[in-house]
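Please open the model in a viewer and keep the sequence panel beside it.

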Amino acid sequence: MLTRWGRDLDPERVLAEYPRPQLVRASYLNLNGWWDYAITPASGTGPPATYDGRILVPFSPEAPLSGVDRQLQPDQALWYRRLLQLPDGLALPGGRLLLHFGAVDQSCTVWLGGVEVGAHTGGYLPFTCDITDAWAAWRGGADASAGVEADLVVRVRDVSDNRGPASGKQRLVRGGIWYTAQSGIWQTVWVESVPARYVARLTLVPALEEGALDVVVHVGAASGPSDTDGPARVRVLAGGSPVGEAEAPAGTRVRIPLSQLRPWTPEDPFLYDVDVRLGEDRVTSYFGLRSFGVGPDAAGTPRLLLNGTAYFQRGVLDQGYWPDGLLTPPSDEAMVHDIETVKRLGFTMVRKHLKIEPLRWYHHCDRLGLLVWQDFVNGGERHRTAAVKWPGVLPIRLRDRPRSVLGRSDPVFRAQFEDEVRRTVEHLHNAVSVAVWVPFNEGWGQFDANRVAALVSGLDASRPVDHASGWHDQGGGDVRSLHCYLRRFRVPRRRSRDGRVLALSEYGGYDLRVPGHAWGDVEFGYRRFEDAEALAEAFAALHEHLVLTVARGLAATCYTQLTDVEDELNGLQTYDRATLKLAARVVREAIDDLRL
């Protein structure tokens, strides 16, 4: 099954847009496109003598758009190879060459010209290799420059859902709510040239009440920044006009008062531009002036706050899977289509479910005005049915200290999860649209949820935390988060008195098969309908009831789901994004009264 973007894909321009919209510099070489690939026994040593064929990066070998259609197994290694040649003018004399990977699932090692330049574990997060010295050694000179080619080789291992690393919804034995496992490079690969001292990243914290922006400029350098290095110059612009400026010493939090204030909201997603100059380096970024929080409304009911005001969040669950690209969107336009569809249907929020998207997806949410509840990617050992399925129909609530019950007996993978929590918060911290962090879903690998929620809040105090979405609530975080599929939702009799807001973070799941647009013969959903008229009637009735619960404390909703995914036919649109099952007007009218 192909989407229209997959059918129109140009292999010479695959996801060619600049991949990091909040840290942009002029130097850029996109390495997406055709690479050589081979799949070998994992026990082998060294790269293969010959390769099996070509793979279209950044689509995984399991994705139809890759041109491979092979499933990597836990006892195999996936090899990539291409020649790297730098265009004239890319390399800076005395500067550094950085090789970026948006995401590689799950563990990989990278060589350039036969020299190992980096390794990484974690299938959903980016990493960078400094290839300056390896490139210089290959060409036999001290400076990185153009005119020669070097072998770029990547070796990947992916044990997928075996043992306990973060795998999200991927399963080697797929079916039902579990989807085709994918492996290898699945986000953009690119090279950039930077000066010897450069802006490595920015931390942008909008201070709405103070009418200011707090900035930290993190500096990278071959030998590390020294005390004598000059500060960065940071300018803030609104509509092209300067509204604030300051000098920012490396690693120091600096406040920039703004002369023009325009808060960011889903209805008015205004973005300020940021220009940073550090010696020879210049990067551009942006931010939105907004705040998130939890507080009482006029009646004393805990609510989610946007810019200090109670704001009901009408959301829809988004898995981020594609029939032709799996975890990889087939194009930038495809990402925009999904976000614009969410907005057109009348939702103000999307819950990004057990996946971290390419940074351009968050950029489009920022500029189009869509709130995001961001799940961390869960993992763990095989889940016990009684612990993670029965609570959907029975009032079972477990403590998450007996870690083996919820699939977290291995301390290595618990530590890996917490490390990825830290890296995820850093990676997405500047995303304007990210409104709530969600560490655990339905007990899948859940452990010490209260402590993990405190860890997240310590890393980012500017956003609420939904510590346990679904069941096995531990009383922590800022949200009491319920899932309700097979029965009518009721506001709990024993309302939380700890100031947490009440969210229905999954519900619905109504399914309808659209002939010619279903992925397979199996059909999964929570309530099946034969035609769009019956689905529309049930959808309206479902929300008529939910509207009545808002006055009793319901603060946010998240309907399952935006699209069909493989066996799941409970999306508002088909898996290929070709058909909306309900007219946009029908959805908008049904959910419009979910407001304060």
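## Salt bridges

A search of the whole structure finds 41 salt bridges, a salt bridge being a side-chain nitrogen of Lys or Arg within 4 Å of a carboxyl oxygen of Asp or Glu. The model is a predicted one, in which local features need pLDDT of at least 70 and side-chain atom pairs count only at pLDDT 80 or more, while totals for chains, interfaces and linings use all residues. Residues are numbered from 1 along each chain as its sequence is written, and side-chain values use heavy atoms, with hydrogens and water left out.

Select Glu357 to begin. Lys352 forms a salt bridge with Glu357, with the closest N and O atoms 2.7 Å apart. Lys355 also forms a salt bridge with Glu357, and here the closest N and O atoms are 2.9 Å apart. Are Lys352 and Glu357 buried or exposed? Both are buried, where buried means under 20% relative accessible area, exposed means over 50%, and partly exposed lies in between (1.4 Å probe, protein chains only). Glu357 has a relative accessible area of 2%, and Lys355 is buried at 1% relative accessibility.

Next, select Asp592 and Arg595. These residues form a salt bridge whose closest N and O atoms are 2.9 Å apart. Asp592 is partly exposed at 35% relative accessibility, and Arg595 is partly exposed at 42%.

## A positive patch on the surface

Show the surface and select Arg397, Arg487, Arg488, Arg490 and Arg493. These residues gather in a patch of positive charge. Patches are made of residues with over 30% relative accessible area and no salt bridge, with like charges joined within 9 Å and nonpolar side chains (Val, Leu, Ile, Met, Phe, Trp, Tyr) within 5 Å. Lys and Arg count as positive and Asp and Glu as negative, whereas His and the chain ends are not counted. Centre the view on Arg488, which lies in the loop between β29 (479–484) and β30 (501–508); helices (H or I, at least four residues) and strands (E, at least two) are DSSP runs, numbered from the N terminus. Arg488 is exposed, with a relative accessible area of 53%.

## Aromatic pairs

How many aromatic pairs does a search of the whole structure find? The search finds 22. Rings of Phe, Tyr and Trp (its six-membered ring) pair if their centres lie within 6.5 Å; planes under 30 degrees apart count as stacked, over 60 as edge-to-face and the rest as tilted.

Select Trp5 and Trp322. Their ring centres are 6.1 Å apart and their planes stand at 90°, so the pair is edge-to-face. Trp5 lies in helix α1 (residues 4–7) and Trp322 in the loop between β25 (313–318) and α3 (332–344), so the pair ties together parts that are 317 residues apart in sequence. Trp5 is buried at 11% relative accessibility, and Trp322 is buried at 2%.

Move on to Phe539 and Tyr559, an edge-to-face pair with 5.1 Å from centre to centre and 80° between the planes. Phe539 belongs to helix α8 (residues 532–550) and Tyr559 to strand β33 (residues 554–560), so this pair ties together parts that are 20 residues apart in sequence. Both Phe539 and Tyr559 are buried. To finish this stop, select Tyr18, Tyr28 and Trp190, which form one aromatic cluster.

## Backbone geometry

Most residues other than glycine have a negative phi, and most peptide bonds are trans. Select Asp69, which has a positive phi of about 60° although it is not a glycine. Asp69 is in the loop between β3 and β4 and is exposed, with a relative accessible area of 63%. Leu326, in the loop between β25 and α3, also has a positive phi, near 55°. Leu326 is buried, with a relative accessible area of 4%.

Which peptide bond next to Pro58 is cis? The bond from Val57 to Pro58 is cis, with omega near 15°, and Pro58 lies in the loop between β3 and β4. A cis peptide bond also joins Thr560 and Gln561, with omega about 5°. Gln561 is in the loop between β33 and α9 (584–591).

How values were computed: Accessible areas come from the Shrake-Rupley method with a 1.4 Å probe; for residues, only the protein chains shown count as cover. The place of a charge is taken as NZ of Lys, CZ of Arg, CG of Asp or CD of Glu.
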